[in-house]
Amino acid sequence: MRILLVEDDRETADYALQGLTREGHSLRVATDGREALLLASCEDWDLLVVDRMLPHLDGLALVRMLRAGGTTTPALFLTALGEVNDRVAGLQAGGDDYLVKPFALAELAARVEALGRRAQRQVPPETVLSVGDIEIDLLTHLARRRGEPLDLQERELRILEYLMRNAGRVVTRTMLLESIWGFHFTPRTNLVESNISRLRTKLGQESDAGPIETVRGLGYRLHVRGR
Amino acid sequence: MSAAARLRAASERFLRPVLAELRAAGLLTVPRFARTSSFRLTLLYGALFSLSAALLFGLVYWIATGYVAGQIDSAIATEIAEERADGGGTLAGLKAVIATQARDASPGAYYLLQDARGHVVAGNLPAMPPRMGTQEWTLHNGSVVRGRGLAAPQGGYLLVGLDASNLRELRHAIGYAFLWVVAGTLVLALIGGSVMSFSVLGRVEAISRASRRIVEGDLGQRVALRGTNDEFDHLATSLNAMLDRIEALMGGMRQVSSDIAHDLRTPLSRHRQRLELALLQGDSVEQLRATLGASLADIDTILETFSALLRIARLESRADPPPLLPLDLGQVAEDVTQAYRAVAEEQGHHLACQRMNPTPLRGSRDLLTQMFANLVENALRHTPAGTTISVTTARIDDVAVARVCDDGPGIPTAERAAAFRPFYRLEASRTTPGTGLGLALVAAIADLHGARVTLSDNRPGLRAEIRFDAKPQPTAEPDPACLARVVALSHRRLPEPYAMRVEHMLRAIHALMQSLHGRARPGP
């Protein structure tokens, strides 16, 4: 993906640059809001990674202006400000995701992937979500594997749906905590692990390998070609 | 230049240096008590009353003397009319009448008839210059006479008068009374104003003294209340409340700082040891990788601790509080319980949620979620398998109450209050993972919502109860505009040195509160 990284702190920029380049993305770094505005308006990007605190034009204003100008490129905010108000402000300005510093490279990479693909996907309104041999009917909220109905609770269904929508990509625990439960903090217990484990049992999965795979140190991934 | 302008210029040239000298010598300074607004107000009232008294006396004077003079005048007029009628229009006739009158008149009646050459023809008065109309004059013996002079036939002059000493006495009496009243009013005003000003100054001096001690560092100092419930008492109460808050915040910060120092040294030392060993031992690349991985995990734990501390500090200082929106407390509790059910089952705990009745509340869903999560996690972590943990919410007597109870080992009574301190660990759980900040965060979140958390014996086990029975605390954001207003007000109302002291104290408190806010804000 072509990513525009807007970050004025040299070290953080290098850190993110290295992490994302390793994943195969091509990056361009802008060090202040005005330069970023110019670059973002003139060229096509698959994703914007924007630090909130920037000289000349802060991150929020930058994204707001781009959205007002019709740019729909997904935007991920990076910031040390992690409180509720800050997050809400970021989303209201037109950001699509919000990552609090300090962050792990794996976290950044996973979110970048998720956002990038979201934009690329054609979006015909689908009523059935289908990955491998698992399918979910979005109208009746029923899930099946190999045609057999699965008895899933509401949360488990949502986890499965989230994994399916990000099939083939790593989904971190933080992403699950935020999307499924709305937890914007790190629980001290392995809450995500337990719920995934339950889901696996219901899917009839016996190992950590598939279809819901545990990616060590990173998170989970749903195999696209499941067995 | 006109004469007036020249005069003004000259007086300025001379007066200014003289005034400056006098001022420098301290001779022109108005005494302190005279500069208070209460003194000025009293002088104003004194002047007003004096003015009213003057008006009143003026009126009385005018009416009373007018009446008495009028009586005299009409008596004289009647007499004159009679005499003229009896005199028949000639000087000789008039002379006869006047002579008779003068002879038979009662004491206090005065007559004078002069001819055209000014010689006395009849009467008991000496010759006088002919003056027409109503007049008053003093005789040789000192009596005051009021009378009327008019032209007599053949160029003569007739003057009839009555003794008017009672009129004079009336005038003097009213005049003296007026002077006494005005003097008395002014003196009373001066005395009363001075007394009030001294008393006001006394109160201000007390506040000023207390504030000086506070600024010098004695945060335990409070301003004494007089119990009169006047504006000074209100000011003192507000100041005391502000100081309570500052003292609590500072105390909390000192405590946390020392706790941080203690509790973070341990993992950091471990970290250091591990890295040093790895350097010394020169392990294989694989082992070095493992060491780096473990170090990374350690640092992540420390970072989490700091994030939690920062969050607590920001919540406590009310910097940028989240909006409190309507929600149902029971719903939040249920969502959290639902999330942890899988974990609880895995660990062999029984986790249940009960919503007794709807519990509408204004709060932050985010923060309340974290609060419940912390309490449930604590219960999961500190109780053995088989324990039942129940989360209940109810509305009791119009107050929302939430409880997280377990039937595990509980917390000993002595340690319950201390459990909320950051980094506090019970002896039994010293080695379990965790930041030790869970309960501190719960307390901070509850406080922001105007709720109180208490730990008690669940008989058996621990019961954590949160009661939302107070109004959410208003934000204590220091407002520079408000500070400017209060400073301006104190300069208007108080004499200079006191206003300066009050301003100094207010600015010190303002700066303190700003730095407490600022310290809790993260950097970019």
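First, the ground rules. This is a predicted model, in which local features need pLDDT of at least 70, side-chain atom pairs count only at pLDDT 80 or more, and totals for chains, interfaces and linings use all residues. Residues are numbered from 1 along each chain as its sequence is written, chains are lettered from A and ligands numbered from 1 in the order in which they are written, and side-chain values use heavy atoms, with hydrogens and water left out.

Salt bridges, then. Side chains of opposite charge can pair when their charged atoms come close. Here the term means a side-chain nitrogen of Lys or Arg within 4 Å of a carboxyl oxygen of Asp or Glu. How many salt bridges does the structure hold over all chains? The count is 32.

Take Arg2(A) and Glu43(A), which meet in a salt bridge at 3.2 Å, N to O. Arg2(A) sits in strand S1 (residues 2-6) of chain A and Glu43(A) in the loop between helix H2 (33-42) and strand S3 (47-51) of chain A, so the pair ties together parts 41 residues apart in sequence. Helices (H or I, at least four residues) and strands (E, at least two) are DSSP runs, numbered from the N terminus. For accessibility, buried means under 20% relative accessible area, exposed over 50%, and partly exposed in between, with a 1.4 Å probe and protein chains only. Arg2(A), at 34%, is partly exposed, and so is Glu43(A), at 33%.

Next, Arg111(A) and Asp97(A), with a salt bridge at 3.0 Å, N to O. This pair links helix H5 (residues 105-120) of chain A, which holds Arg111(A), to strand S5 (residues 97-100) of chain A, which holds Asp97(A); the two residues are 14 apart. Are they buried or exposed? Arg111(A) is buried at 1% relative accessibility, and Asp97(A) is buried at 14%.

Glu345(B) is partly exposed at 48%.

In chain B there is also a network of salt bridges linking Arg403(B), Arg452(B), Glu465(B), Arg467(B) and Asp469(B).

Now the strands; two strands pair if DSSP finds at least two bridges between them. Strand S6 (residues 128-131) of chain A pairs with S7(A) in the antiparallel sense over four bridges. Their hairpin has two residues between the strands, and Gly132(A) in the turn has a positive phi of about 60°. S7(A) also pairs, antiparallel and over four bridges, with strand S8 (residues 142-145) of chain A. In S7(A), Ile134(A) and Ile136(A) lie on the covered face, and Glu135(A) and Asp137(A) on the uncovered one.

On to the helix pair. Helix H2 (residues 37-87) and helix H4 (residues 165-215), both of chain B, pack at about 170° with their axes 9 Å apart. Axes are lines fitted to C-alpha atoms, for helices over the stretch in contact, and angles run from 0 to 180 degrees between N-to-C directions. H2(B) and H4(B) are therefore roughly antiparallel (over 145 degrees).

Last, cysteines. Cys353(B) is partly exposed at 22%, whereas Cys405(B) is buried at 8%.

Notes: Parallel < 35°, antiparallel > 145°, perpendicular 65-115°, else oblique.
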